[in-house]
Amino acid sequence: MDIKINNLGKSYGLQKAVDNISFEVKTGEILGFLGPNGAGKSTTMKMITGYLEPDAGSIEIGGSTNLDISTKKRIGYLPENNPLYLDMPVMDYLDYCASLQGMGWEQIPTRVREMVKVCGLNVEKHKKIGELSKGFRQRVGLAQAMIHDPEILILDEPTTGLDPNQIVEIRELIKKLGREKTVILSTHILPEVEATCDRILIINRGQIVADGTPTTLRKQAQGQQVLRIRIEEGEVDNIFEKLRALTSVAAVDILEKEQNRFEVQSQPEVFSNRDIFKMCVKNGWILSEMIPLEASLEDIFRGLTVN
Amino acid sequence: MNPIWTIAKKELSSYFDSLIAYILLVAFLGFSGLFTWILGADIFLRKQADLLVFFGVAQWTLFFFIPALTMRQLAEERKTGTIELLMTKAVTERQIVLGKWLSCFLMVCLALLFTLPYYLTVANIGKIDHGATISGYLGLLLLSGAYISIGLFASSLTNNQIVAFLLALFIGIFFQFVFGILASGSSGWLGEILDGLSLSNHFDSVSRGVIDTKDLIYFFSLIIIGTLLAERNLQKAR
């Protein structure tokens, strides 16, 4: 099921939490929502799930703009901070959620057992939720979101509180689910989006500031190629001059004089690797290091959201 | 399964899991039993086998007992954020409110079921008017329904349980006796309106065995208005 968001807006008092956002998510796509705290990620998700009413714009889920019961049944939602009934045993809670999602009583027990297995809750299934550790509570939250096998999954920070092993497991699970379903997840953890998401949406102050795959975003932010090189056996000043003289090179920085390390920025749309190599060969220098610097997602994120 | 019933069942079991149910049942039966049989004592001096004394006492115990049941219903869900889970499930706000109403109502039914031995006792002592007694129980159920609605409305206004409890009592006091007192002090159409608003007036006539459509309409309107307002408050929070 596709989700189409058109000019969505929501204000809390005078503050605009979400300001005219439009985007689209297709079936089989995992969309990562990135943004600093208070950027409007959760608000957008709450509007998609129907908890908040938008002030402006529309949300189209599977071709229908009306979020009625039959549409709600197709959405699984893990809210921020993962609220749970702490005095309920895990199994009863999953039963309750399945029943509220309109599942027939005859399918519920099998489905609950399945979710307990998938989310690794088997050891804790008879405990009250309040007795569980944070990581297990998070698994219960995920289990209740997926219990009715929804076509759309909205996960607000799904991996908070999990240990690294669990994070890997949950990521694998989300990736697997994402093949047939429409998944939107929000996170602060940047490697997580890179590892799980097909597409990234960065929002800041209620507006979309970037939209694309991790690779395209990186390219956008990168602009010119930057290389870190080390050339042995030459004179620092001599090498510096020769590097600057290359036509493909835009700027050169000396990083460490004693070690002959430089940072070289190429001209736009040109790569300077070959020129540098040839120059070294011609002068009898030894090129012992050449590291292309990639703009990390952190750099992109900071560049777009720090004002 | 109907979501109203699913919610009601969950709420009921959480009353029993958290001991609230037992404490409230013991308190209700303790107070109403004490004032009916021991302290009030006039149940034996009426020279008539009926439960009017009990109905009078139960009216007051329910008045305190019900806000204690309803206070957590919506306020707690709001405080812990679970309301967000509930409202994004495949249920409507109306089903949520009605489910919670039903769970409280079933608790009251259970409490009243435990007073059936009173009925049997009095029926053994003398010739009891069965019709009037059944009508008295019906009156208690109608009164409870109305107070549950008021309680749910109060609980939908805040995320603090104590505030919800006090607010429910505060609203309840008007229906329980303030309107009645004001009515006796006023005359003309104002007096009539206040008299009509007084819950205990309507309850008294039902508990005496006179079931008038006027009284039924009164109780049902209180139930409907209370739950509708609670539903509206849930929607407004969105």
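Which residue of chain B forms a salt bridge with A:Lys46? The legends below take this up in the second view.

**View 1. The predicted model and its confidence.** This is a predicted model, in which local features need pLDDT of at least 70 and side-chain atom pairs count only at pLDDT 80 or more, while totals for chains, interfaces and linings use all residues. Residues are numbered from 1 along each chain as its sequence is written, chains are lettered from A and ligands numbered from 1 in the order in which they are written, and side-chain values use heavy atoms, with hydrogens and water left out. The model scores ipTM 0.87 and pTM 0.85. For chain B the mean pLDDT (the predictor's confidence in each residue, from 0 to 100) is 89, and 99% of the residues of chain B reach 70 or more. Helices (H or I, at least four residues) and strands (E, at least two) are DSSP runs, numbered from the N terminus.

**View 2. The contact between chain A and chain B.** A:Lys46 forms a salt bridge with B:Glu84, and their closest N and O atoms are 3.9 Å apart. A salt bridge here is a side-chain nitrogen of Lys or Arg within 4 Å of a carboxyl oxygen of Asp or Glu. The count between the two chains is one salt bridge. Chain A and chain B bury about 2400 Å² between them, 58% of it on carbon and sulfur atoms; buried area is the accessible area (1.4 Å probe) that two parts lose on being put together, summed over both. In chain A, the residues that lose the most area to chain B are A:Tyr51, A:Tyr85 and A:Leu100, together 29% of what that side buries. The contact (heavy atoms within 4.5 Å) takes 25 residues from chain A and 24 residues from chain B.

**View 3. Helix α3 of chain A.** Eight of the 11 residues of α3(A) are buried, so this helix is largely enclosed by the rest of the structure. Buried means under 20% relative accessible area, exposed over 50%, and partly exposed in between (1.4 Å probe, protein chains only). Among the buried residues of α3(A) are A:Tyr93, A:Tyr96, A:Cys97 and A:Leu100. The buried residues pack against α4 (108–118) and α5 (134–146) of chain A, together with α1 (3–17) and α4 (82–88) of chain B. Just after α3(A), A:Gly102 takes a positive phi of about 80°.

**View 4. Two strand pairs in chain A.** Strand β5 (residues 75–78) of chain A is covered on both faces, with A:Ile75 and A:Tyr77 buried on one side and A:Gly76 and A:Leu78 buried on the other. β5(A) pairs with strand β6 (residues 152–156) of chain A in the parallel sense over four bridges; two strands pair if DSSP finds at least two bridges between them. A:Leu78 stands opposite A:Leu155 in β6(A). Strands β8 (residues 199–204) and β9 (residues 207–212) of chain A pair in the antiparallel sense over five bridges. In their hairpin, which has two residues between the strands, A:Arg205 takes a positive phi near 50°.

**View 5. B:Gln176 and B:Ser200.** B:Gln176 is placed in helix α8 (residues 161–185) of chain B, and B:Ser200 lies in helix α10 (residues 199–207) of chain B. B:Gln176 is buried, with a relative accessible area of 2%; B:Ser200 is buried too, at 14%. The side chain of B:Ser200 reaches the backbone oxygen of B:Gln176 at 2.6 Å. Leaving aside neighbours within four places in sequence, B:Gln176 is in contact with residues including B:Trp60, B:Phe63 and B:Tyr147. B:Gln176 and B:Phe63 are 113 residues apart along the chain, and their C-alpha atoms are separated by 8.1 Å.

**View 6. A salt bridge inside chain B.** B:Arg72 forms a salt bridge with B:Glu11, the closest N and O atoms being 3.6 Å apart. The pair links distant parts of the chain, 61 residues apart: B:Arg72 is in helix α3 (residues 52–80) of chain B and B:Glu11 in helix α1 of chain B. B:Arg72 is buried at 9% relative accessibility, and B:Glu11 is buried at 2%.

Note on methods. Polar contact = N/O pair within 3.5 Å; in protein donor to acceptor, adjacent residues only side chain to side chain.
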